[in-house]
Amino acid sequence: MNPIEFKNKWNLTYVELAVILGYTSDRTVRSWELIGNHRYPQPPACVACHLLDEKWLQQGKNIIVGLSLAQHPIEFKNKWQLSYVELAIVLGYTSDRTVRSWGATGRFRRDPQAPACVAAYLLDEKWLQQGKNIVPYFWVKEIA
């Protein structure tokens with residue numbers, strides 16, 4: 001689910017959306033809605049919004065601080081014995097290049113963006129309750 005659609009559906013402010021996704025300011029989420037701006041949300045932000053939408057429909061709206069509920073995606077990968085390809089799929093990426101950099105060492109190592117950590121936490125929570133289910137979230141909109 002696109003984070004802006006999620007924001008509008010649940011009547012959130014930019015600050016609330018930013019906090020939920022683990023950002024320290026609303027600057028990034030505001031940029032997604034600017035006219036003529038070609039910035040789009042990272043796939044894990046869409047996955048996190050999709051998972052939160054499901055959760056809120058079942059349990060009611062609950063604004064959380066995303067960073068307090070974050071899990072490093074590599075910890076999630078190891079816990080659920082996922083391949084890098086599977087991790088990329090469940091976080092909404094179309095290739096495993098980005099997620100591999102999170103587990104790399106040396107100059108190719110990168111830290112995941114906050115929404116990836118929030119999405120990993122939400123997926124972990126969901127899988128603990130419902131069982132492991134590798135869903136290609138970048139196709140969810142087309143499937144639904």
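**Entry 1: Ile4.** I began with Ile4, which is buried at a relative accessible area of 10%. I note here that the model I am reading is predicted. Ile4 lies in helix α1. Leaving aside residues up to four places away in sequence, I find Ile4 touching Val29, Trp32 and Glu33.

**Entry 2: the nonpolar core.** Which residues have the most contacts inside the largest nonpolar core? I get Leu21, Phe76 and Leu91, in a core of 40 residues. At least two core residues come from each of α1 (3-9), α2 (14-21), α4, α5 (73-79), α6 (84-90), α7 (97-103) and α8. As background, nonpolar side chains in soluble globular proteins tend to be buried together.

I then listed the neighbours of Leu21, again not counting residues up to four places away in sequence. Leu21 touches Pro3, Val29, Trp32, Ala45, Ala48, Cys49, Ala114, Pro115 and Val118.

**Entry 3: α4 against α8.** Next I took helix α4 (residues 43-59) and helix α8 (residues 114-130). Their axes come within 8 Å and cross at roughly 40°. The crossing of α4 past α8 is left-handed. On the α4 side I list Pro44, Ala45, Val47, Ala48, Leu51, Leu52, Glu54 and Lys55; these meet Pro115, Ala116, Val118, Ala119, Leu122, Leu123, Glu125 and Lys126 of α8. I sorted the residues of this contact by class and got 12 nonpolar, four charged and no polar.

**Entry 4: Asp96.** I found Asp96 in the loop between α6 and α7. Its side chain makes a polar contact with the side chain of Arg100, at 2.7 Å. Not counting residues up to four places away in sequence, Asp96 touches Tyr84, Val85 and Ala88.

**Entry 5: positive phi.** I checked backbone angles, knowing that most residues other than glycine have a negative phi. Asn11 is not a glycine, yet its phi is positive, about 55°. Asn11 sits in the loop between α1 and α2. Is Asn11 buried or exposed? Its relative accessibility is 65%, so I log Asn11 as exposed, the cut-off being over 50%.

Gln81 is another residue other than glycine with a positive phi, near 50°. I place Gln81 in the loop between α5 and α6. With a relative accessible area of 69%, Gln81 is exposed.

Note on methods: Residues numbered from 1 in each chain as written. Predicted model: local features only at pLDDT ≥ 70, side-chain atom pairs only at ≥ 80, totals over all residues. Heavy atoms only, no water. Axes fitted to C-alpha atoms, helices over the stretch in contact; angles between N-to-C directions. Helix = DSSP H or I, 4+ residues; strand = E, 2+ residues; numbered from the N terminus. Left-handed = near helix turned anticlockwise from the far one by under 90°. Contact = heavy atoms within 4.5 Å. Nonpolar A, V, L, I, M, F, W, Y, C, P; charged D, E, K, R; others polar. Core = buried A, V, L, I, M, F, W, Y, C linked by side-chain atoms within 4.5 Å. Buried < 20%, exposed > 50% of the residue type's maximum accessible area, 1.4 Å probe, protein only. Polar contact = N/O pair within 3.5 Å; in protein donor to acceptor, adjacent residues only side chain to side chain.
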